[in-house]
Structure formats: structure tokens, C-alpha cells
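Open the model in your viewer and keep the selection panel at hand.

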Amino acid sequence: MHDILPKDQKYWERIRVLSRAIFSYYNFSRIDTPHLEDSELFLQAVGFQTDIVEKQTYSLKTEGGDELTLRPEGTASTVRAYLQNGFVAEPHPVKFYYQGAFFRHESPQRGRYRELNQLGLEVIGDQNPVADAEVIHVFSVLLRELGIREFFFHVNSVGCKDCRPSYRSHLIQYYRPKAKGLCRDCKKRLKQNPLRLLDCKEEKCRILKKGTPQILDHICEACKKHFTLMLEFLDENEIPYILNPYLVRGLDYYTKTVFEIFTDSDWVGELEDVKDEEKKEPPLEISANDAAGGTENPAAVVEARPEEKKILKGIAIGAGGRYDDLVSLLGGRSEPAVGGTLGLERLVMLMKAVGVKLPEEPRMRVFFVQLGDFAKKKSFKIIEELRRAGIPLGESLGRDSVKSQLKIADKSGSDYSLILGQKEAIDSTIIIREMSSGIQEVIPQEMLVETLRKKLKR
Ligand code: HAM
């Protein structure tokens, strides 16, 4: 868990301001859900055999016997809130966005936190692939507006409840004779959740993975069509993507489209310790046509460049996908849905690493200096008048000596200091001192805003 220090707040604020504007433009409404939910919600939605629920949730039992969990992600809570607050009766799709802290007890690494911040989008009640593409598009708009030029979406389809079981059995057939060569976790996954075998980072499992049957060859016609159409939206809008047949995601609720966002800036290599031998492995060989059922649009294929080798092993700055069965699983009528989230700690690291230029903070141009108890007491009124007039001001009200206050004014780079002594406080006047020349003039306090405005304009 970490502190977000004042020096970094400008990055966070930039993300907040831009995302609010872009998400509202695309008609997403803000929702905030509690940090604590019934543990059952995540057991059901994320899946009781997933790493997140099995190993990473912070859960507690209250004296009253409630079993609660600090939210590890936002999709389950958003669907719960949708169901509990009458959104079912509203025109669909219902589009939400959220930003907040989530909690996962993961092993600490650079870029991986136990309290993490996410920015999420969820669209409930739209089965059309344009909704999947819109989520991806809106994230790409935000990333570009934030000044990030190099990023791409890994995309795949994990099929639906009708076609996935058949792929599952092909996968089991492939892995069963090789089970001895798998890591301990994967031996368990083979029984419980074989799709997760594709996601294992262990070297020996990754070697075995190379011969696996590919999910896109096994999904049904409806899922294939949905995926192809979704890719066509990405092509048309020049959204950079890579078809990654091994992308399966670590949460159980996904159906059809899944995606993760990576970037090829150097920072990714720093986020996760990629072993040297891993760096030598060739990039994935995939083409749009393999997966998109023969769609001809090679312009959309992003060729894997040498740096991308790192990224293929790297850490995602965002992820998401479709979850058509989650609303009904949580007790609602069947509603298709899709969404995604960006990981803000990683996004801020990326903004810093690529040297994103942020709007300058207004420079402090005036410093307020006071002398004596009576002047100190009058200070707030004068400062407040300047705040209302939009004049940025520095002060050091706790100090008594004029000399030390002027020293700070000098250091702050202010053009003027305002000096209020006992005499000025009684007369309702104030001294304006030009810092560069030391020239001072006394003016009535009622003229202060007007005089300063003129001087600052010059
Ligand atoms: P997720 O892949 O678990 O998906 O997390 C999304 C993003 O959150 C990741 O790509 C990463 O950037 C960030 N993230 C996850 N864990 C950490 C961590 N420990 N430290 C820092 N950043 C982290 C979800 O959470 C889904 N709810 C996404 C979604 C929304 N799917 C549909 N709608």
C-alpha cells in the first residue's frame, strides 16, 4: 500500500479531469460503490477458484457474523449496485464509470500494489460488439489525450458457455499426457480451471503452451462473428491491437471478448523482472486473419517489434472484456455486459516515464508579509479577498520577523510582496513591494485587488 505524495498529485488530477470529461461525453455516469461488500459477491462473481478470491482478498468477519471483503475489483460491485438500485427498469444500455481504491493481497513488486486505484467503465445491457469496441475506443482516447502515444490492446475471445466446454475438453486432452511437466499450480488448474493454464508464467508451462489447441479455432459461429465484428470496429478506428490467443484473464465472469492493454515504452521492462532467457524468446506469431475468420485487413495488425518481447511478458496498464452471464448469475434477468479498467498506479508510472507534459501550475506571484499581532489578525480577510479575485498568493503567517518572511518571498520567485504592519492594519492601507527593485508604495486596502491586477498584467 502506498502514499500518493503532493509532488505526484498533478498526474492523478490530470487523469481525473480528463477521464471525467471523456467518459461523460460518451454518456457514462459516475458510480461509487462501498469499499466493503459481502464476501459472497466476489466468490460468486470473480469465482471461488480464481487467484484473486483464493489468495488475494482481504476478508473479515464482524462480531455480528457478517463476512465482508475489501473489494478486489469493481465489476461485481457495479453489477450489484445496478441490480439493487432499480437500473433494471431504466433504458438500456446503462453505462457506468468509477474511480477508486481496490485491495488485493498480492506479493509486492514494482507496479503491483495491495491497495491499487482503478478507473473503470461498465456497459450493461448491450450485446452488440460495438459496445466492446466502444470501451476499448474510449480507453484509447483517454490514453492519447494523456499524452501516451504507444500502447496496444491484446485481444482474444474466450467463447461463451455453449462453446467453451468443448474447447476446455480439447485443452484437457492436450495437457493430460503432459501433466507431469506442469508446475504445481497448473496441475491444480488442469482439474479446476484448465483455461488458466494458458496464463501461467512458469517457464516449463510456457514451453508446453506453444502446442495447445487455439481457442479461436473452437468457439462457436456466433462468438466468432461477434469477435470478427468487434475487430472490424477496431480496424476502422485505427486502434492498435494484437490478437493474443493465450489471453484468458484471471476472473471467471468473462465471455467472448477479453482484452489487456500494454505499452512498448521501456518502463514495462522495469515493472516486472523479466529473466534474461525470457527476453530471448521470439514474439508471438499471430495475425489478424488467423483469428478473425479470414477478415482481410492487414493494416490493423501491429507487427511485434523487438521491444515488444518485453511487453508480452510485461504488466498490463488496463484490462477488461465481456461478461454476458454475470448479471443473471447475481440474480438479475439475463443482460449482456462489457467493461474494462485502467490501473492508475501503472498509468502514472507510464506518464512519468514517457515524460508527459502537464499544464503548468499557476506561478506564485505575490507573497503576503505581516508584522505584529494586530496585522496577523487582519490577514485572513485580505488573503480571502485575493483568493476570490483569483490572485495566487504565498504566506508564512506563523512567522513574526519581516526579514525571514521576505526571504521566503524572494525564494518563492514572487514578483511582489504585500506588507501589512501595525500602522497599515490600523489605517486600512498596505505596502506593495516590487521584489526585483525593492521599490515600495503604500495604497489603501480597498485598492489592493485593482492595483495588483494592473501590476501583474504588465
Ligand atoms: P484486472 O485485470 O484484474 O481486471 O485489473 C485491471 C487492471 O488493474 C490491470 O490491468 C492493472 O493495470 C491494474 N491492477 C490489477 N492489479 C493490480 C495491482 N495489484 N497493483 C496495481 N495495479 C493493478 C479487473 O479488475 C476487471 N474488473 C476489469 C473489468 C471491468 N472487466 C470488465 N469490466
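One definition first: Asp, Glu, Lys and Arg count as charged, Ala, Val, Leu, Ile, Met, Phe, Trp, Tyr, Cys and Pro as nonpolar, and the others, Gly among them, as polar. Keep in mind that this is a predicted model.

**Stop 1: the largest cavity**

Four cavities of 30 Å³ or more are counted here. Go to the largest cavity, with a volume of about 120 Å³. Which of them has the largest share? It is α7, with four residues. Next, colour the lining of the largest cavity by class.

**Stop 2: the ligand**

Move to the ligand. There are 26 residues around the ligand, and Glu 73, Arg 104, Glu 106, Tyr 113 and Tyr 254 come nearest.

- Glu 73: a polar side-chain atom lies 2.6 Å from a nitrogen atom of the ligand.
- Glu 106: a polar side-chain atom lies 2.5 Å from a nitrogen atom of the ligand.
- Tyr 253: a polar side-chain atom lies 3.0 Å from a nitrogen atom of the ligand.

How much of the ligand does the protein bury? Taken alone, the ligand exposes 660 Å², and the protein buries 96% of that. Switch to a cartoon view and select β6 (115-124), β10 (318-322) and β11 (337-343). Each of these strands supplies at least two residues of the shell around the ligand. By class, that shell has ten polar, nine nonpolar and seven charged residues.

**Stop 3: the second largest pocket**

Finish at the second largest pocket, which holds about 500 Å³ of space. Its lining has 21 residues; select Arg 164, Asn 193, Asp 252, Tyr 253 and Tyr 254, which lie nearest the centre of the pocket. Tyr 253 is the residue with the 3.0 Å distance to the ligand from Stop 2.

Now select α2 (39-45), α6 (164-175) and α14 (326-329), the elements that give two or more residues to the pocket lining. Among them, α6 gives the most, with three residues. Colour by class once again: the lining of this pocket has ten nonpolar, four polar and seven charged residues.

Technical notes. Residues are numbered from 1 along each chain as its sequence is written. This is a predicted model: local features need pLDDT of at least 70, side-chain atom pairs count only at pLDDT 80 or more; totals for chains, interfaces and linings use all residues. Side-chain values use heavy atoms; hydrogens and water are left out. On a 1 Å grid over the protein atoms alone, a cavity is a set of points where a 1.4 Å probe fits but cannot get out, and a pocket is an open set with protein on both sides within 12 Å along at least five of seven lines; lining residues have an atom within 4 Å of a point. Grid points are joined across faces, edges and corners, and a volume is the space filled by probe spheres set on the points. A residue is near a molecule or strand if one of its heavy atoms lies within 4 Å of it. A polar contact is a pair of N or O atoms within 3.5 Å; within protein, one must be able to donate a hydrogen and the other to accept it, and residues adjacent in sequence count only if both atoms are side-chain atoms. Accessible areas come from the Shrake-Rupley method with a 1.4 Å probe; for residues, only the protein chains shown count as cover.
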